[in-house]
Amino acid sequence: MALDSHIEKVLWTAGEISDRVAELAAEITSDCSPNSPAPALVGVATGAFVFLADLVRQIKLPISVDFIRADSYGAGTESTGAPRLSLDLKLDVTGKHVILVEDIVDTGSTVASLIAHLEKKGASSVSVCAFLDKPARRKVEFRVVLCIVQCPDYFVVGYGMDFAEAYRNLPYVGVLKPEFYS
């Protein structure tokens with residue numbers, strides 16, 4: 001695949017990702033009480049769509065799913081720090097526990113603004129489930145409740161994550177060579 005030549009190194013293979021997603025889905029399933037309302041999973045579009053699809057297929061609960069979109073990167077490699085909501089939920093989250101599913105959390109600005117937005121919409125609680133967590137870049141503090149792995153401070157693509165809308169279709173997560181984004 002031509003895209004593979006743009007990757008400096010693979011951090012997590014498709015098999016490693018699949019195994020960890022299954023573990024995470026089992027954890028979500030066991031954390032939810034059978035007598036409590038099923039959670040609503042809200043994917044942050046478009047980066048989380050692959051992760052969310054794999055995750056929800058393995059959760060053994062009657063969940064609801066929706067998407068929200070907040071833009072903070074544009075075509076760059078650094079967050080603007082001022083996310084803009086460009087797609088809101090169709091799902092009514094009033095009184096529901098929401099699991100916000102994100103591809104990667106780095107500065108935390110986008111996730112913090114989305115948590116506040118979901119709480120304003122009436123969510124009873126919001127937890128964050130991130131595919132990757134980059135705590136070294138965090139500017140806004142909150143707890144990522146569930147994550148696949150902590151990510152070193154590399155510019156990564158694949159498994160739904162992109163640079164300028166490319167590389168989302170890679171089945172693994174890799175470090176993009178600087179010459180392709182500089």
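# Terms and values in a predicted model

Q: Why does Asp 54 count as partly exposed?
A: Asp 54 has a relative accessibility of 22%. Buried means under 20% relative accessible area, exposed means over 50%, and partly exposed is what lies in between, with a 1.4 Å probe and protein chains only. The value of 22% falls in between, so Asp 54 is partly exposed.

Q: What kind of model is this, and how are its residues numbered?
A: This is a predicted model, in which local features need pLDDT of at least 70 and side-chain atom pairs count only at pLDDT 80 or more, while totals for chains, interfaces and linings use all residues. Residues are numbered from 1 along each chain as its sequence is written, and side-chain values use heavy atoms, with hydrogens and water left out.

Q: What makes the contact of Asp 54 with Arg 57 a salt bridge?
A: A salt bridge is a side-chain nitrogen of Lys or Arg within 4 Å of a carboxyl oxygen of Asp or Glu. The closest N and O atoms of Asp 54 and Arg 57 are 2.5 Å apart, and the pair therefore meets the definition. The structure holds 9 salt bridges.

Q: Is Arg 57 buried or exposed, and how do you know?
A: Its relative accessible area is 59%, and Arg 57 is therefore exposed.

Q: What links Lys 121 to Asp 88?
A: Their closest N and O atoms are 3.5 Å apart, which makes a salt bridge. The pair links distant parts of the chain, 33 residues apart: Lys 121 is in the loop between α3 (109-120) and β6 (125-133), and Asp 88 is in the loop between β4 (84-87) and β5. Lys 121, with a relative accessible area of 30%, is partly exposed; Asp 88, at 31% relative accessibility, also counts as partly exposed.

Q: How do you know that Lys 134 and Asp 153 meet in a salt bridge?
A: The N to O distance between the side chains of Lys 134 and Asp 153 is 3.9 Å, so the pair meets the definition of a salt bridge. This pair links distant parts of the chain too, 19 residues apart, with Lys 134 in the loop between β6 and β7 (146-150) and Asp 153 in the loop between β7 and β8. Lys 134 has a relative accessible area of 6%, so it is buried. Asp 153, at 49% relative accessibility, counts as partly exposed. Salt bridges that share partners join Asp 106, Lys 134, Arg 137 and Asp 153 into one network.

Q: Which side chain of opposite charge is nearest to Glu 102?
A: The nearest is Arg 168, 8.7 Å away. Lys and Arg count as positive and Asp and Glu as negative, while His and the chain ends are not counted. Glu 102 is buried yet has no salt bridge.

Q: Where is Glu 102, and which residues does it touch?
A: Glu 102 is in strand β5 (residues 97-105). Contact means heavy atoms within 4.5 Å. Leaving out residues up to four places away in sequence, Glu 102 touches several residues, including Val 44, Phe 51, Val 111 and Phe 131.

Q: Why do Tyr 159 and Tyr 167 count as buried?
A: Tyr 159 is at 6% relative accessibility, so it counts as buried. Tyr 167 is also at 6% relative accessibility and therefore counts as buried.

Q: Which peptide bond is cis?
A: The cis peptide bond joins Ala 45 and Thr 46, with omega about 0°. Thr 46 lies in the loop between β2 (40-45) and α2 (49-56).

Q: How many helices and strands does the protein chain have?
A: There are 3 helices and 9 strands. Helices (H or I, at least four residues) and strands (E, at least two) are DSSP runs, numbered from the N terminus.

Q: Why is the protein chain called as compact as a globular protein of that length?
A: The radius of gyration is taken over C-alpha atoms, and the globule rule is 2.2 Å times the number of residues to the power 0.38. The radius of gyration is 16 Å, close to the 16 Å that the rule gives for 182 residues, so the chain is as compact as a globular protein of that length.
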